[in-house]
Amino acid sequence: MKDVAARAGVGLKTVSRVVNEEPGVTDDTIARVQAAIDALGFRRNDSARLLRKGRTASIGLVLEDLADPFYSPLSRAVEDLARAHGTLLFTGSSAEDAEREQELVLAFCARRVDGLVIVPASEDHRYLEPEIAAGVATVFVDRPAGGINADVVVSDNAGGTREGVAHLIAHGHRRIGFIGDLPRIHTAAERLRGYREAMADAGLPVHDGWVSCGTTAPERVRSELDRMLAGPEPVTAIFAGNNRITVTAVRVLADRPQLVALVGFDDFELADLLRPAITVIAQDPAQLGRTAARLLFQRLDGAAGAPDRLELPCRLIARGSGELPPMV
């Protein structure tokens, strides 16, 4: 600033006023100061300026996996809202690992982010209590926090699954298989609950062999599908618990001569171009991200009160695979 002031022939306070767009400076002086800034390559130290205000204008976003198509629109929505608030976004993937999540979260806190948006992998978030007490606004998205009471934005996982399974039942299916993710994951547990509730509402039994929960590894999903579709009374329809399971199911079912009805939770790219096109229960990941980020910035702006739990609806998109009748 001293170099800029000397080159423009003004005082330090005048340079500060120009840089911070404060009133009381003539157009001619602004032009001279700006010319000196351009010539010298001067850059304002935003870190120092923001720290004086007690904020860093940065937030952290911890996702399960940046490579998962579900998280791309969620991340972009958070980034867009952060940008609208003049805030920088740091992003990292937990890889569904609790230790990695905690490492990332605390690394962001060490860099003094103003707030956090977290898709939790951990079941115990008490490690965050000192950070929250120190003023780090925190919103959980897609799944609730474990061990603490915090703001959360989720989809209606159970309700969406109930609708999808009821859709299969309405098309004549009585033996419906469910293949889901690890049951310790909140969303997987909620979707399994929705499946069981839909079957119970229709007065239908659920045999142990019709339910499989575990990793989304294609080898496991393929093996479980082959098992459910074998025997004298195979399932006639499949409900897939997330987009990765649905994609594997599409590959498995494509190799079978007999059509099997399929509904998947989460939409995915090209689902409408397959034959038959895939019926899905669609979340709105962008709306999840926008809602979580909006809630975070409300907290940063001073909004008080008890933690919020916001649940967003899902919607059934009927495309063909979920409308196939039972073939056996």
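Visitor: At what angle do helix 5 (residues 71-84) and helix 12 (residues 285-300) pack, and how far apart are their axes?

Guide: Helix 5 and helix 12 pack at an angle of about 35°, with their axes 7 Å apart, where an axis is a line fitted to C-alpha atoms, for helices over the stretch in contact, and angles run from 0 to 180 degrees between N-to-C directions. The model is predicted, so local features need pLDDT of at least 70 and side-chain atom pairs count only at pLDDT 80 or more, whereas totals for chains, interfaces and linings use all residues. Residues are numbered from 1 along each chain as its sequence is written, and side-chain values use heavy atoms, with hydrogens and water left out.

Visitor: Which residues of helix 5 and helix 12 meet?

Guide: From helix 5 come Pro73, Leu74, Ala77, Val78, Leu81 and Ala82, and they meet Pro285, Ala286, Leu288, Gly289, Arg290, Ala293, Arg294 and Phe297 of helix 12, contact being defined as heavy atoms within 4.5 Å. These residues divide into 11 nonpolar, one polar and two charged, where Ala, Val, Leu, Ile, Met, Phe, Trp, Tyr, Cys and Pro count as nonpolar, Asp, Glu, Lys and Arg as charged, and the others, Gly among them, as polar.

Visitor: Why are helix 2 and helix 3 called roughly perpendicular to each other?

Guide: The axes of helix 2 (residues 12-19) and helix 3 (residues 27-40) come within 10 Å and cross at roughly 90°. Angles of 65 to 115 degrees count as roughly perpendicular, those under 35 as roughly parallel, those over 145 as roughly antiparallel, and the rest as oblique, and helix 2 and helix 3 are therefore roughly perpendicular. Their contact is made by Thr14, Val15, Val18 and Val19 of helix 2 and by Thr29, Ile30, Val33 and Ile37 of helix 3, a set that divides into six nonpolar, two polar and no charged.

Visitor: What makes helix 10 oblique to helix 11?

Guide: Helix 10 (residues 218-228) and helix 11 pack at an angle of about 55°, with their axes 9 Å apart, and that angle makes helix 10 oblique to helix 11. In this contact Pro218, Val221, Arg222, Leu225 and Asp226 of helix 10 meet Ile245, Thr248, Ala249, Arg251 and Val252 of helix 11, and the residues divide into six nonpolar, one polar and three charged.

Visitor: What makes strand 7 (211-213) and strand 12 (315-317) stand at the edges?

Guide: Six strands form an open sheet in the order 7-6-8-9-10-12, with mixed pairing, and two strands pair if DSSP finds at least two bridges between them. Strand 7 and strand 12 each have a single partner strand, so one side of each is left without a neighbour in the sheet. The twist averages 15° from one strand to the next.

Visitor: How do you know that strand 6 (residues 176-180) and strand 7 pair?

Guide: Strand 6 and strand 7 are joined over three bridges, in the parallel sense, and in one of these strands, strand 7, Ser212 is the bridge partner of Ile179.

Visitor: Why is strand 4 (residues 137-141) called largely enclosed by the rest of the structure?

Guide: Five of the five residues of strand 4 are buried, so the strand is largely enclosed, and buried means under 20% relative accessible area, exposed over 50%, and partly exposed in between (1.4 Å probe, protein chains only). Ala137, Val139 and Val141 point one way from strand 4, while Thr138 and Phe140 point the other way. In a regular strand the side chains alternate between the two faces of the sheet. Strand 4 runs parallel to strand 3 (residues 115-118), joined by four bridges, and parallel to strand 5 (residues 151-155), joined by three.

Visitor: How do you know whether Ser58 and Ala158 are buried or exposed?

Guide: Ser58 has a relative accessible area of 5%, so Ser58 is buried, and Ala158, with 1%, is likewise buried. Ser58 lies in strand 1 (residues 58-63), and Ala158 is found in helix 8. Leaving aside residues up to four places away in sequence, Ala158 touches Glu190, Arg193 and Gly194.

Methods. Helix = DSSP H or I, 4+ residues; strand = E, 2+ residues; numbered from the N terminus.
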